[in-house]
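I opened the notebook to go through this model from its charged pairs to its sheet, its core and one of its helices. The entries below keep to what I looked up.

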Amino acid sequence: MRVVKAIKRYIRTPRKLILTLGMKGWFNWVPDRLYLKLIYWGELGENLNLNEPVTYNEKLQWLKLNDRNPEYNIYVDKYAVRSFIEQTIGQQYLIPLIAVYDKVEEIDWKSLPNKFILKCTHGSGSNVICTDKDKLDKKAAIKKLDKWMKKNWYWFGREWPYLNVKPRIVCEKYMVDESGKELKDYKIFCFNGEPKIIQVDYNRFKGHKRNLYDTDWNYIPASLQYPTDSNVKIKKPEKLNEMLELARTLSKDYPHVRIDFYYINGKIYFGEITFYHGAGLEMFHPEEFGLEMGSWIALPKFKQNTTV
């Protein structure tokens with residue numbers, strides 16, 4: 001019965017089938033350019049214009065195909081990027097590292113502190129958060145890590161910097177912000193080295209929402225994939241200017257990049273560097289906001305890559 005319902009659902013909305021098959025790797029043989037057109041329609045229900053891209057999402061797909069700076073491989077690697085951050089803005093902005101492992105089997109669970117976070121270095125959203133080691137379902141954690149370590153995040157969104165990142169696991173210190181229960185993300189969207197938008201993610205594990213602000217901390221009445229709430233007043237970080245300056249330093253050489261930070265007890269910590277927010281497949285409300293953000297990306301003068 002469940003199979004029949006699934007078939008009917010795919011018949012009514014065939015683009016859901018493209019998403020499902022793409023996630024499972026059925027389209028790995030498809031060249032990047034064609035695949036991106038398929039998955040773009042599958043996710044957003046729109047035709048992808050790669051010849052004259054204008055929206056934010058379209059330009060991210062263009063950058064995937066044409067801006068292939070080999071340095072990006074280092075910046076998306078959650079372990080290798082630590083050296084870059086230390087050399088560029090300083091070790092004081094790094095979350096304390098407990099250990100790094102090449103295999104799940106190397107994890108010495110007994111030696112880990114009561115609270116910690118395990119992250120796969122080669123992808124996104126592959127985290128094991130432990131707030132009490134005595135209550136951690138270690139078998140489930142190992143199963144997740146084993147699955148993630150065999151996954152290559154490149155294949156779904158064709159975010160090529162992930163293709164050759166060495167799969168590893170980093171263990172970092174568990175940290176929370178002033179809420180005492182979560183760690184809000186301050187995601188700074190930079191365009192040619194200039195911060196323009198700050199996205200704050202909160203309530204990640206129950207009712208995930210995002211509020212958007214300009215660099216003066218004025219609320220922007222728009223949403224990007226997740227709901228926004230103007231009634232939720234997120235306090236402006238006291239060191240916002242420092243955070244913005246750090247983002248300028250880290251993004252200065254690239255047409256567009258998102259620099260993520262955490263703000264904990266008056267101290268700034270680096271989160272990650274992302275070149276293709278949401279794989280360039282997230283919904284904008286209103287749509288005009290996606291056009292506006294797209295206008296901020298000045299595409300480099302590359303010869304378009306039509307061979308991938």
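Are Lys187 and Asp185 buried or exposed? I found that Lys187 is buried and that Asp185 is buried too, where buried means under 20% relative accessible area, exposed over 50%, and partly exposed in between, with a 1.4 Å probe and protein chains only. Before going further I noted that this is a predicted model, in which local features need pLDDT of at least 70 and side-chain atom pairs count only at pLDDT 80 or more, while totals for chains, interfaces and linings use all residues. I also noted that residues are numbered from 1 along each chain as its sequence is written, and that side-chain values use heavy atoms, with hydrogens and water left out.

**Salt bridges**

I looked up the salt bridges (a side-chain nitrogen of Lys or Arg within 4 Å of a carboxyl oxygen of Asp or Glu) and found 16 in the structure. Lys187 and Asp185 form one of them, with the closest N and O atoms 3.3 Å apart, and both belong to a network of salt bridges that also links Arg258, Asp260 and Glu272.

I then turned to Arg210 and Glu282, whose closest N and O atoms are 2.9 Å apart in their salt bridge. This pair links distant parts of the chain, 72 residues apart, with Arg210 in strand β7 (residues 209-213) and Glu282 in the loop between β11 and β12 (284-285); helices (H or I, at least four residues) and strands (E, at least two) are DSSP runs, numbered from the N terminus. Both Arg210 and Glu282 are buried.

For Asp102 and Lys166 I read 3.5 Å between the closest N and O atoms of the salt bridge. Asp102 is partly exposed at 36% relative accessibility, and Lys166 is partly exposed at 45%.

**Sheet**

I traced an open sheet of 4 strands in the order β1-β4-β2-β3, paired antiparallel; two strands pair if DSSP finds at least two bridges between them. Its edge strands, each pairing on one side only, are β1 (97-101) and β3 (127-130). Between β1 and β4 (residues 169-173) I found 4 bridges, and Ala99 has Cys171 as its bridge partner in β4.

**Core**

What is the number of residues in the largest nonpolar core? I found 86 residues, and those with the most contacts inside this core include Ile107, Leu118, Ile169 and Phe275; such a core is a set of buried Ala, Val, Leu, Ile, Met, Phe, Trp, Tyr and Cys residues joined through side-chain atoms within 4.5 Å. Helix α9 (residues 240-251) gives the most to this core, with 6 residues.

I also followed Cys190, which has its place in strand β5 (residues 185-191) and is buried, with a relative accessible area of 0%. Leaving aside neighbours within four places in sequence, Cys190 is in contact (heavy atoms within 4.5 Å) with residues including Ala247, Ser251 and Ile259.

**Helix α6**

In helix α6 (residues 80-88) I found Val81, Arg82, Phe84 and Ile85 buried. Seen down the axis of α6, the buried residues fall within an arc of 160°, so they line one face of the helix; the arc is that of the directions from the helix axis to the C-beta atoms. The cover over these buried residues includes α5 (72-75), β1, β4, α9 and β11 (267-274). Just after α6, I noted that Gly90 takes a positive phi of about 120°.
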